Amino acid sequence: MRLKLKKLGCYLIIIILLPYVITVFLNGPSITAYSHVDSTSVKVKSGEKEADMPIEEYCIGVLAKEIPASYEKEALKAQAVLVRTEVYRKIRESGKDTVLEEGFWTQKQMEDAWGARFTRYYSKLEDAWKSTEGMVLLYGEELALTPFFRLSNGCTRDGKEVLGSDAYPYLKIVECPYDIEEKRQIQTVMAEDMDAEVTQTDTAGYVLSVRVGEENISGEEFRSEHNLASGCFTLQRYNGQIRITTRGEGHGLGMSQYSADQMAKEGETYDAILQYFYEGTELKEVAEILLDVE
């Protein structure tokens, strides 16, 4: 009786394991050196120090800093792909020992910012990261340049006009009608009077050049110096000061996060959102393009 039970147990084990054995025989082991690229470590700069950090922890920290965690799941997934693409683009360009300097939030900073919502928001970002595991944007054989910003002035900018290169044909002007109605669309700040005028704008209306006195500086430099919300702005003298009116938030190149969120609310998936803002790019597994990185 005992012998029969022992044989029966062996048969059951064989039956349970048989599908796995066949799969391994036909396809090879499912776990390879590159099957979980998102579990590797990267070198990051934190303050004045450099440290090794799991790529997932680092990139979730970047997501937390760069996009509202209250946004829709598909918008967060689109952002996760953009962050991953940029990280691996830098690794491919500079090697595995490159030090990533993009700012990120630590868990403590997330807790301080989100309070009682920490667990829910962190879970959303973690899910966005894991549900797009390994996915990046490619243009041809190269990792795409994936800029993003919070809110456009009604459309995004042309990459050739902004970057002075036609190497990024997927960065083109696209309409963002959702952005126009957002309450932060128009903002006004006052600055000390100065001899300044906008001398050049691009097709989308963002400032390329400003004359300040006898010096010409870029629109982004002027924006940074005066802590402006957007690179789309006008200057006007008013009561002995300069009134600066901005439209949108950010530099205007790439994906509008606000539009992405609104598109997600309308039922668009993250891949459709990415294709809208980076037309001609392709979603691919990062494992396929890291084999030659040293």
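Me: What does the charged end of R243 sit over?
Reply: The ring of Y238. The charged end is 4.4 Å from the centre of that ring. Keep in mind that this is a predicted model.

Me: Where does R84 lie?
Reply: R84 lies over the face of W129, 3.9 Å from the ring centre. W129 is also one of the buried residues of helix α5.

Me: OK, α5 then. How many residues does it have?
Reply: Helix α5 has 13, running over residues 118-130. From first C-alpha to last it reaches 18 Å, close to the 18 Å expected at 1.5 Å a residue.

Me: Which residues of α5 are buried?
Reply: F118, Y121, L125, A128 and W129. Down the axis of α5, these buried residues fall within an arc of 105 degrees, so they line one face of the helix.

Me: Why would residues spaced like that point the same way?
Reply: An α-helix has 3.6 residues a turn, so residues three or four places apart point the same way.

Me: What is exposed on the other side of α5?
Reply: T119 and R120 are exposed there.

Me: And what covers the buried residues of α5?
Reply: The cover includes α2 (55-66), α3 (73-94) and α4 (107-114).

Me: Is α3 largely enclosed or largely open?
Reply: Largely enclosed by the rest of the structure, because 17 of its 22 residues are buried. As for its length, the 22 residues of α3 should span 32 Å at 1.5 Å a residue, and the end C-alpha atoms are 32 Å apart, which agrees.

Me: What follows α3?
Reply: G95, whose phi is positive, near 95 degrees.

Me: Switching to aromatics. How many aromatic pairs are there in the whole structure?
Reply: A search of the whole structure finds nine. One of them is F222 with F233, a stacked pair at 5.3 Å centre to centre, with 25 degrees between the planes.

Me: Where do F222 and F233 lie?
Reply: F222 is in helix α8 (residues 219-225) and F233 is in strand β11 (residues 233-238), so the pair ties together parts that are eleven residues apart in sequence.

Me: Last one: which residues form an aromatic cluster?
Reply: W105, W114, F118, Y121 and Y122 form one cluster. F118 and Y121 are also among the buried residues of α5.

Notes: Residues are numbered from 1 along each chain as its sequence is written. This is a predicted model: local features need pLDDT of at least 70, side-chain atom pairs count only at pLDDT 80 or more; totals for chains, interfaces and linings use all residues. Side-chain values use heavy atoms; hydrogens and water are left out. Helices (H or I, at least four residues) and strands (E, at least two) are DSSP runs, numbered from the N terminus. The expected span of a helix is 1.5 Å times one less than its number of residues. Buried means under 20% relative accessible area, exposed over 50%, partly exposed in between (1.4 Å probe, protein chains only). The arc is that of the directions from the helix axis to the C-beta atoms. Contact means heavy atoms within 4.5 Å. Rings of Phe, Tyr and Trp (its six-membered ring) pair if their centres lie within 6.5 Å; planes under 30 degrees apart count as stacked, over 60 as edge-to-face and the rest as tilted. A charge sits over a ring if NZ of Lys or CZ of Arg is within 6 Å of the ring centre and within 35 degrees of the ring normal.
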